[in-house]
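Thanks for asking me to look through this one with you.

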Amino acid sequence: MPTLLLVRHGRTDANATGLLAGWTEGVGLDDQGRAQARDLATRLAGLPIRLAAVSPLQRCQETADELYAAARAHNGGWGEARRVTVDAIGECHYGAWTGRPLAELAQEDLWRTVQDHPSRARFPASQEHASESIADLQHRAVAAVRDLDRLVEAEHGPDAVWLLVSHGDVIKAILADAAGSHLDLFQRFVVGPASLSVIRYTATRPFVIRLNDGGHDLSGLAPTHPKDETARGDAAVGGGTA
């Protein structure tokens, strides 16, 4: 029952200008994105993180760099924790939509499917960019998270904390699965740049601990507190104390 910290990368020029970056090479953090990552890094620095799984794309790697730099600077931080690049948590393969303005894409028929029935949405093929469905994205991302969570527990025990640095749609798909929501509802989740969401998987069900957190104290996330009902896999009747 490790605790998973889901981090979206900081802002990029593509985010700021309304482009769908996808797997476009060379999309890194802008100045605001680096500042966002450093702010989150300060809050994460004192946590006993055992593993960081990072999307291969530049903006996620740069976000992870900021997190690791802060952890190394923190007395007793986790800056030497294992770091792995995981293709399966990379951005959605948007195919022919890659690199195009969102305002332009919003005029296409597929846009409404992506918004209202994402489980039926498959992005158009392209010679330059791979394409997939949103359902394919969720399947690969959730499978990777479950495998990594089991690995972390086997290596570091049930109270371990680990980190995933990925993309908005990827994290939304993982959160929808953890919340037991149909994929058609995944657009209801909001995942801002450099935001933190937290899941704890248990033998009976996942618990969504935090969602789109942009600036709260994180000290209560590790290790598990004795009074935390979710550590046993049970929901707190009446709402609990936290």
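**Notes on the fold and a few residues**

1. Let me begin with a helix pair. Leu137, Gln138, Ala141, Val142, Val145 and Arg146 in α6 meet Asp169, Val170, Ala173, Ile174, Ala176 and Asp177 in α7. Sorted by class, this contact of α6 with α7 has eight nonpolar, one polar and three charged residues. Please keep in mind that the model is predicted.

2. How do the two helices cross? The axes of α6 (residues 134-156) and α7 (residues 168-178) come within 9 Å of each other, at a crossing angle of roughly 70 degrees. Angles of 65 to 115 degrees count as roughly perpendicular, so α6 is roughly perpendicular to α7.

3. Now for the overall picture. The chain has seven helices and six strands, and its elements follow the order β-α-α-β-α-β-α-α-α-β-α-β-β from the N terminus. Of its 242 residues, 48% are buried. Among contacts with a separation of 6 or more, 72% are between residues 24 or more positions apart.

4. Six strands form an open sheet with mixed pairing, in the order β3-β2-β4-β1-β5-β6. β3 and β6 (206-213) are the edge strands, each pairing on one side only. From one strand to the next, the twist averages 20 degrees.

5. Two helices to view against that sheet are α2 and α6. Helix α2 (residues 31-44) packs on the sheet and touches β1 (3-8), β2, β4, β5 (196-201) and β6; its direction makes about 165 degrees with that of β1. Helix α6 lies across β1, β2, β3, β4, β5 and β6, and it runs at about 150 degrees to β4.

6. Which strands pair with β2? Strand β2 (residues 49-54) runs parallel to β3 (residues 82-85), with four bridges joining them. In this pair, Leu51 stands opposite Arg82 in β3. β2 also runs parallel to β4 (residues 161-166), joined to that strand by five bridges, and here Ala52 is opposite Leu163 in β4.

7. The β5 and β6 pairing runs in the antiparallel sense, over five bridges. A hairpin of four residues connects β5 to β6. Val198 has Arg210 in β6 standing opposite.

8. Staying with β5, take a look at Ile199, which is found in that strand. Is Ile199 buried or exposed? Its relative accessible area is 0%, and under 20% counts as buried, so Ile199 is buried. Beyond its neighbours within four places in sequence, Ile199 is in contact with Pro2, Thr3, Leu4, Leu6, Ile174, Leu175, Ala178, Pro206, Phe207 and Ile209. One further pair to find in the viewer is Ile199 and Ala179: they are 20 residues apart in sequence, and their C-alpha atoms are 9.4 Å apart in space.

9. What does Cys92 touch, leaving out residues up to four places away in sequence? Its contacts are Gly22, Trp23, Phe123, Glu132, Leu137, Arg140 and Val170. Cys92 and Trp23 are 69 residues apart along the chain, while their C-alpha atoms are separated by 7.8 Å. Two of the residues that Cys92 touches, Leu137 and Val170, also take part in the meeting of α6 with α7.

10. Most residues other than glycine have a negative phi. Ala194 is not a glycine, yet it has a positive phi of about 60 degrees. It is found in the loop between α7 and β5, and it is buried at 7% relative accessible area. Asn212 likewise has a positive phi, near 55 degrees, in a residue other than glycine. Asn212 has its place in strand β6 and counts as partly exposed, with 28% relative accessibility.

Definitions and conventions
Residues numbered from 1 in each chain as written. Predicted model: local features only at pLDDT ≥ 70, side-chain atom pairs only at ≥ 80, totals over all residues. Heavy atoms only, no water. Axes fitted to C-alpha atoms, helices over the stretch in contact; angles between N-to-C directions. Parallel < 35°, antiparallel > 145°, perpendicular 65-115°, else oblique. Contact = heavy atoms within 4.5 Å. Nonpolar A, V, L, I, M, F, W, Y, C, P; charged D, E, K, R; others polar. Pairing = 2+ DSSP bridges. Buried < 20%, exposed > 50% of the residue type's maximum accessible area, 1.4 Å probe, protein only.
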